[in-house]
Amino acid sequence: MNKHIFLATSVALTTMGTVVLADEIRVLNWQGYGTDQDWAIAAFTEATGHTVVHEYFNSEQEMLTKLRTNPGAYDVVLINAAFTPQAQAEGLIGPVDSSLVANFSDVSENMATNQDLNAGGALHGVPWTWGLTSFAVNTNEFSEMPTSIEVFWDPAHEGKVSIRDDALEAVQFAAIATGQNINDIQDLDAIEAKLAALMPQIKTYWGSENDWNQFMAAGDLDVATFWSGSASRSMASGLPVQFVVPDEGAIGWLDGLSIPETSTKKEAAHAFINWMIDPEFYVKWAESGAPASANAKAAAALPDDAFNKRVLGDPAVVARVQFQRPVSDENREKYLELWQGLKAAQ
Amino acid sequence: MKGTYLAWVGKAWLGLILFFLYAPIIVMAFMSFNASQYYQLPFEFSLTWYEKLGQNTEILNAATRSVLIALTTTVIATTLGTAASLALFRFEFRGKRFLQVMLFPPIAIPWLITGTAMLIFFYGVGLGRGTPSVLIGHVALALPYVIVVVSARLATFDVTLEEAARSMGADSWTVTRRVTLPWIASGIIAGALFAFAVSFDQFVVSYFLSEPGDSTLPVLIYTSIRKGFTPEINAISTIIIVISMAVMLFAARFSNFGGER
Amino acid sequence: MSTVLARQDRLKIASLLSPAYIWLTVAIFLPLSAMLYFSFLSDVPFGDAEWRYTTDNYQAFFQTSTYATLLWKSIKLGLTVTAVSVLVGFPCAYVLAKVIKGKSREALFLLVILPFWSNSLVRIFSWAIVLRGNGVLDLGLNAILPFEVDVNLMFSTPAIVIGLVHSYLPYVILTSYLALQAIDDSLIDAARSMGANKLTILWRLILPLSLPGLLAGAVLIFVPVVGSFMEPRILGGRVGTYFGTVIEDQFVAVFNWPLGAALSFILLAVVLLILATASPVLRRAQA
């Protein structure tokens, strides 16, 4: 049924006078993050004739670097809303024409009007998914789930802890642990001290979801920071892990799909974004583990026991979330210096 | 020293080192036959990863691209390098010493620096990233190795042979073709093998210069290690080492490097 | 050969040399010059970014102790790996060149250099499987030993050293082997017949004669190890932050190319300085 809507949309697009030729579009995203699901690409190609090629990044900075150094190379890019204003200000991404994205009308109102995604006064990123950066534990090592972030500093787990090698995430994580506002950090010294105390606990840093899964599978880790969508994937693949949103709170993020200014295949890019926010795509993706959808219709279509409905649908949890806002260059440099200094001291 | 106690200790040491050198390669091959995606033990035999590899066009394309780039690099670098070595060997001229010293920066400067410098430069002149840039970079990295190896072989060449041929009326091209080149053939083959290895295993420079969707095998492997490493990588690596072994044995029949002089 | 060149000879030299050297200039020397230029800019001159000339990037190195600490850590790693490789590899090369004879030598020699043809990243990753807790080494040792041992070398400095020695050991074996092979056996026999004992022969004859090869191998190892970033990242975990990883970050993650370039040139200068300090030794060895 939904497939038909999707097909109809693409047919409508073609007949509206915008001739959709079979293009190869290049998508820049995290690996294994929805857009590169084989079945989804196959369905998209079948419906529109466009083929999809992927390239991956490991950090938002790397993503921005790739956009800057490869003009014209990408057609769709996933950008965390906290970075959308920067990408827009640098002229890396162009406005998205919501009239070409039929499913846009189903996107939750508060996300569609998110000020960061609407940087520069126009829609520059279509809200796609949202989720939390918190942590997950190895259930074999815990008889009862921890409720406090202090578990990272618990001597019982010394040498069995991991956080991601990312200055911003490390600092914001410590901000939560020290009870500060992640978007307005007042006491950076407290954060440095908190992270310095964490360092001896750490086994290794993780860089990617795959790293994380391998370390957990090898029993190297008891507790590690993680993303909610990735946690649901790891749980779906059978790893003994459980996602925790501690009493202190968690970092929230909203991911949008944007179109680089230099893209030469904007029609195909719009069609791809439309398919990506389609409820049919989302429900199937969620079976194998996905973050929460920004599409209200898609979110409602989930079964009641789905991870995203169970955990992220809990108002008590949502109340503890601090959503990420853009970070100034000055602060970013300070955080980077702090994090590099701590790593170098090891 | 033959047959003495010390010789035995020496041989045992060599054996131990060979074990050290091959242990991870054996583990790599072993894991390509293990069923677990996360490299978990105990071992459970499976051919799944080879089957998956057969369908993984991304890895296969990258492997093919790597082989093609390495072959092209080998041909260009060996030709240019041999020519340069001949000139450096045959003639005395001002600046020769300088030219010889110039060969060392590409070897001595960490590839990380060379690679990023190339990225900046090629981007600045408008060539950008892509296979041509990768190829230009690989040849430049392989050239010094070829020149050094071929020159080393030329150093053992008896100049009187050339003079004798010339006195019998052969022109210089004939002398080169019939006397010099056959003598240094083993050096050229060794140089070519070096060039191939430098290019085929080169990931730092390729990492910075290859275009999205057009990566070489080492780049694909590097990004997989950070982003999603599956035993398919072990499978393709195992296939490559087996092919390399065959090629080396084949090449060894034509050159006696390492054997009796 | 005469030093006065005929016109024809000059043409020949130019036609033989210029392709190789023009290639090197375009692909190595011009890029390095561009990089040097970049290291004095405040921002990358792409797009609309504003930039000016500055020495800030070099000053950054001295403003915090972070970079100096990491550089020193990288140099120590380079020295450790080089020393271990030489100590392990030289005896190996000696056995290969002087003890083993005939066809088996050729076969063993090929075996030593064959690992070059397998992907270095895959080898490093295999070490990860070997070294980690519950890994191959742990299970293997526990299968052999009668008592229980807990081996987990992964994410430690020894793991980095093991991985790097494994990657670069063949270089020193190769260069030492070539130098040792060039020593005439009759020289050794002569020394022995004059009553020199084994240690004297090694110390006074073999070592000096093979020193150029040994040092060449040491340089070929030291230089790349100081700039290494992939091996520490994969095998080092928490302790795997080095000067090379920081440079890589500047280029691929933080997008501060000018700082990355400045740090690269500081590394290059330090490496060249070390090589220059070592070069009198090198030259004496060749004399």
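Colleague: Let's start with M118(B): is M118(B) buried or exposed?

Modeller: Keep in mind that this is a predicted model. The idea is to count neighbours: a residue is called buried if 20 or more other C-beta atoms lie within 10 Å of its own. M118(B) has 30 such atoms within 10 Å, so it's buried. You'll find M118(B) in helix 6 of chain B, which runs over residues 111-124.

Colleague: And what does M118(B) touch, beyond residues up to four places away in sequence?

Modeller: In chain B, its partners are G137(B), V205(B), F208(B) and L209(B), and from chain C there are A27(C) and P31(C).

Colleague: Fine. How does E58(B) count?

Modeller: As partly exposed, because E58(B) has 14 C-beta neighbours inside 10 Å. E58(B) sits in helix 3 of chain B, residues 57-90. Its C-alpha atom is 31 Å from that of I189(B), 131 residues apart along the chain.

Colleague: Now the cores. Which residues touch the most other members of the largest nonpolar core?

Modeller: In general, nonpolar side chains in soluble globular proteins tend to be buried together. Here the largest nonpolar core has 155 residues, and those touching the most other members include M118(B), L143(B), A93(C) and I221(C). Helix 7 of chain C, residues 157-181, gives the largest share, 14 residues. There's also a second, separate core of 104 residues, with I25(A) and F135(A) among them.

Colleague: What is A93(C) in contact with, leaving aside neighbours within four places in sequence?

Modeller: With I173(C), S176(C), Y177(C) and L180(C).

Key
Residues are numbered from 1 along each chain as its sequence is written. Chains are lettered from A and ligands numbered from 1 in the order in which they are written. This is a predicted model: local features need pLDDT of at least 70, side-chain atom pairs count only at pLDDT 80 or more; totals for chains, interfaces and linings use all residues. A nonpolar core is a set of buried Ala, Val, Leu, Ile, Met, Phe, Trp, Tyr and Cys residues joined through C-beta atoms within 7 Å. A residue is buried if 20 or more other C-beta atoms lie within 10 Å of its own, exposed if 12 or fewer, and partly exposed in between; C-beta atoms are placed from the backbone. Helices (H or I, at least four residues) and strands (E, at least two) are DSSP runs, numbered from the N terminus. Two residues are in contact if their C-beta atoms, placed from the backbone, lie within 7 Å.
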